[in-house]
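Please open the model in your viewer and keep the selection tool at hand. The stops below can be taken in order.

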Amino acid sequence: MTGLLWACAGVPAVVGAGLCVTGRRADRVAPTVGIVTAGVVAVLSIAVALGRPAGSAPFLPGAVFGLAVDALAAVVLPAVAAVTLLVLLFAAADITGARARFTGLVLLFAAAVVVTVCATTLPTLLFAWEVMGATSYALIGFRWQERHRVGAGLTAFLTTRTADLGLYLAAGAALAAGSGLALTDLPELPAPWRDVAAAGLLVAALGKAAQLPFTAWLSAAMQGPSPVSALLHSAAMVAMGGYLLLRVAPLLGATSWAGPTAAWVGALTALLLGAVALAQRDLKQLLAASTAAQLGFVVLGAGVAAVAGGTAHLVAHAATKALLFLAAGAWLTALGTKQLPALRGAARRWPLVGVCAGVGALALAGVAPLSLWATKDAVLAGAHEESLALYLVGLAAAALSAGYAGKVLWLVWQRLPADAETGYDTEEEGTRRVRVLQQAPLVVLAVGAAVLGLLALPPVADTLRRALGAGSAPAPGLVELAVSALVAVVVLLLVRIRPLQPLPGWLEGWLGLARATDVVVVRPVLRTAEALARFDDRVLARAVTGAGRGALRTARAAARFDDGVLDRAVAGSATAGVRLADATGRADLAGPDAAVRSLAAGTRWLGGWARRTQTGQLHQYYVSAAVVLAAALALLLAVR
């Protein structure tokens, strides 16, 4: 069974790397290879979820590369594998160029997510976290010919990478405390280091989950292809931030501040980003803002120790949001736009897509008995136990969920306007058709969005709480479930009766967070860099140039000495050697001058090869570092 666990991560990693290396030569077979590989991983994930294996390998002094499937991983891992498979099915009909590179990157990303879900030590988590960040950058900027898409990937990468430094802080705290690097050991750290580790993990998780104040990168990430958005921002990447907090919930509870901080950050993100979603006129931007808002409920659940409710909401949200992102991608491919005003009546043109998207929107709104209704209340029950104010903020955020979900639902099901064609093809050339492979995954995901709420309802919820060791956690009562269902229906009807008026621009602009980041971070960094560049040019460069000139003068003097003294001596010794060879009948194999010239030629050749690696491209340096790290890991495992 342990071999199946290693295969669950190793198979997509090996196949994905092979597709990336093969390149365009594998474009024709890449979709099939990717779907088969994802299917194998899905089967393996179910097997290990049932068998609960654990395994480890030597990695670093004092820490192993450990993987294990516990109750939490057993719930999340099959969901990640299933969404990956369905996204690759959709992408087979949606992605038309560089299919091998796309499929390879998705599989590498999926392998990193599998390791993240099953990691038992901080070094294992760090390794997977880094690979996940690098592949997400490549996937968001997949269409690298368009600079704004690469810039969006870079924004996402740098923002999350900055927050990721918290993981290194947590690892440093664990090392300083000398208590081991296993995740289960973190709550037992001595008091000062326990707080440092909790702070580091909290920052890293909030950055990945696009929670305040790290939210703006999620807006930029919508420049990626729709299948990328569906995978990264439903069951993986963003979801892994919330998952990490669920994983380390005992550590949050072991401090006096980390749990409440996570709870309030999650609740406020759910509320404020819900308002942001309500203001959007771009469908993918609305779904992105709602992703941050819905992950806010997961973070809230981790903060109030409602781990079962947070887990149920994470899985149900994965199916619901993957469904809505793929529906948005299908309409974008067919109509060439994702602007909400231009999507009026889109559901009527392709009824199957419309019905599936309708199920997803109603689930997102929290309408009973669909999935996010019960899972949201499972989280809010824990919030109510903690604080009435926290519960009311969460309930208000749930009402906003119904608002932005209703905005999408009623708009796409409106009667098709007579001038509908005027709004199409504004972002790309639409095909006016939705293929079977684009529709089939929507049906499966719609079923998941409808029924996964059972994870938060008896008797499944009771079993899940016991498995997660949270048998005493509060559960929502009939009154709470009825109130939230009523709120969702009322808000949906209000949106239908009275369409929303345009909201303030600062809400549509994601609270101005991108602009604030530019003012507070980007501009000071650029000014500092410019000052350092001037110092480099005026001081360091002059010193280097002066040293170079001195070296040239020294070299010229040495050359004159070599020509005038050493070469004559060598020539004289060579002549003497020839005479000696003639006298003794022996041939001189090589003179000193030939050895010197051979050495110089070899040095020039090595210098030429070394110069080729100095491209000035940051992503190439990052890939080189990743390759060296992977080679070092392989060597370490082979030697140990």
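Predicted model: local features only at pLDDT ≥ 70, side-chain atom pairs only at ≥ 80, totals over all residues.

Residues are numbered from 1 along each chain as its sequence is written, and side-chain values use heavy atoms, with hydrogens and water left out.

**The enclosed helix**

Begin by selecting residues 238-247, which make up helix α10; helices here are DSSP runs of H or I with at least four residues, numbered from the N terminus. Ten of its ten residues are buried, so α10 is largely enclosed by the rest of the structure, where buried means under 20% relative accessible area, exposed over 50% and partly exposed in between, with a 1.4 Å probe and protein chains only. Among the buried residues are G241, G242 and Y243, as well as R247.

**Salt bridges**

Turn next to the charged pairs, of which a search of the whole structure finds twelve that qualify as salt bridges, the criterion being a side-chain nitrogen of Lys or Arg within 4 Å of a carboxyl oxygen of Asp or Glu. Select R281 and E508, whose closest N and O atoms are 3.2 Å apart in a salt bridge. R281 sits in the loop between α12 (258-279) and α13 (283-303), and E508 in helix α22 (residues 505-508), so this pair ties together parts that are 227 residues apart in sequence. E508 is partly exposed, at a relative accessible area of 28%.

E421 lies in the loop between α18 (388-412) and α19, whereas R349 lies in helix α15 (residues 346-349), 72 residues away. E421 is partly exposed, with a relative accessible area of 45%, and R349 also counts as partly exposed, at 30%. E421 forms a salt bridge with R432 as well, with 3.2 Å between the closest N and O atoms; R432 is in the loop between α18 and α19, eleven residues from E421, and is partly exposed at 27% relative accessibility.

**The nonpolar patch**

Select L352, V443, V447, V451, L454 and V460, which form a nonpolar patch on the surface with about 450 Å² of accessible area together. Such areas come from the Shrake-Rupley method with a 1.4 Å probe, and for residues only the protein chains shown count as cover. Patches consist of residues with over 30% relative accessible area and no salt bridge, where like charges are joined within 9 Å and nonpolar side chains (Val, Leu, Ile, Met, Phe, Trp, Tyr) within 5 Å. Helix α19 (residues 436-451) gives the most to this patch, with three residues. V447 belongs to helix α19 and is partly exposed, with a relative accessible area of 47%.

**The positive patch**

Move to R549, R553, R556 and R560, which form a positive surface patch; Lys and Arg count as positive and Asp and Glu as negative, with His and the chain ends not counted, and the place of a charge is taken as NZ of Lys, CZ of Arg, CG of Asp or CD of Glu. R553 is found in helix α23 (residues 513-584) and is exposed, with a relative accessible area of 54%.

**A tryptophan in a loop**

Finish at W144, in the loop between α5 (122-140) and α6 (147-177). Is this residue buried or exposed? W144 counts as exposed, at 53% relative accessibility. Leaving aside residues up to four places away in sequence, W144 touches R101 and V150, a contact being heavy atoms within 4.5 Å.

Definitions and conventions. Helix = DSSP H or I, 4+ residues; strand = E, 2+ residues; numbered from the N terminus.
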